[in-house]
Amino acid sequence: MLKTAVMVSGGGTNLQAILDGIRDGVITNAEVVAVISNNKKAYALERARQAGIPSVCITRKDYPEPEKFDRALLKALRESGAELVVLAGCLVVIDESIVKAYPNRIINIHPALIPSFCGTGYYGLKVHEEALKRGVKVTGATVHFVDGGTDTGPILLQKAVEVKQGDTPRELQLRVMEEAEWVILPKAIDLIANGRVEVRDGKALIL
């Protein structure tokens with residue numbers, strides 16, 4: 001069983017998709033051993049509690065010095081025994097020390113088709129606002145491995161979603177979640193848990 005830690009900042013809908021995927025057999029050979037949040041008010045922590053999963057909250061208020069915050073995160077991950085780290089709506093910039101500790105073992109879900117609408121400043125509703133502003137006809141979501149940059153790691157899975165005329169940012173956000181994020185994130189974990197993913201020459205290959 002692939003021990004998985006899920007890092008979250010908000011409501012935890014992607015966390016719920018992972019838990020549902022394990023329950024329904026969409027994800028096999030994996031278990032969630034810890035939920036880590038940087039936000040004490042994150043509903044994701046309640047989802048973890050209801051599922052009986054150990055959770056911890058590590059905030060920058062508790063660790064104002066960046067180095068101590070990063071060390072606390074790394075300590076929590078190591079103590080959980082996690083072999084895979086999933087950033088599921090996590091607004092924390094992952095320090096290089098953590099990336100090095102988990103090489104090609106950290107994945108992130110981004111609510112756009114990378115390389116579109118990604119990088120510093122593109123998160124949450126902002127991504128969908130910009131997509132609508134540009135008038136794109138198709139958007140979607142991407143699961144990628146985390147490296148030293150922002151949304152620059154090897155792409156594992158992508159799924160396209162139609163942009164409909166008259167969409168508001170929130171309507172588009174929900175459609176991207178339902179049709180893409182909640183589909184490809186569980187699939188990515190299942191692929192990794194079953195040894196079907198290899199990162200080679202900066203690219204993620206599905207075996």
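Student: Where is His-110 found?
Tutor: His-110 is in strand S5, residues 106–110. Strands (E, at least two residues) and helices (H or I, at least four) are DSSP runs, numbered from the N terminus. One caution: this is a predicted model, where local features need pLDDT of at least 70 and side-chain atom pairs count only at pLDDT 80 or more, while totals for chains, interfaces and linings use all residues. Residues are numbered from 1 along each chain as its sequence is written, and side-chain values use heavy atoms, with hydrogens and water left out.

Student: What feature does UniProt place at His-110?
Tutor: The UniProt record, an unreviewed entry, puts "active site" there. UniProt positions are given in the numbering used here, feature names are shortened, and annotations may be inferred rather than shown by experiment.

Student: Is His-110 buried or exposed?
Tutor: His-110 is buried, at 3% relative accessibility. Buried means under 20% relative accessible area, exposed means over 50%, and partly exposed is in between (1.4 Å probe, protein chains only).

Student: Which residues is His-110 in contact with?
Tutor: Leaving aside neighbours within four places in sequence, its contacts include Cys-118, Tyr-122, His-144 and Asp-151. Contact means heavy atoms within 4.5 Å.

Student: What about Cys-57?
Tutor: Cys-57 is in no disulfide. The nearest cysteine sulfur, that of Cys-90, is 11 Å away. Cys-57 is partly exposed, with a relative accessible area of 25%.

Student: OK, Ile-94. Where is its place?
Tutor: Ile-94 is in the loop between strand S4 (84–87) and helix H4 (96–101). Ile-94 counts as buried, at 13% relative accessibility. Beyond neighbours within four places in sequence, Ile-94 is in contact with Met-7, Leu-87, Val-99 and Ile-106.

Student: Now the whole chain. How many helices and strands?
Tutor: Six helices and nine strands. Of the 207 residues, 47% count as buried.

Student: How far does the C-alpha trace span?
Tutor: About 45 × 40 × 35 Å along its principal axes.

Technical notes. Disulfide = S-S within 2.5 Å.
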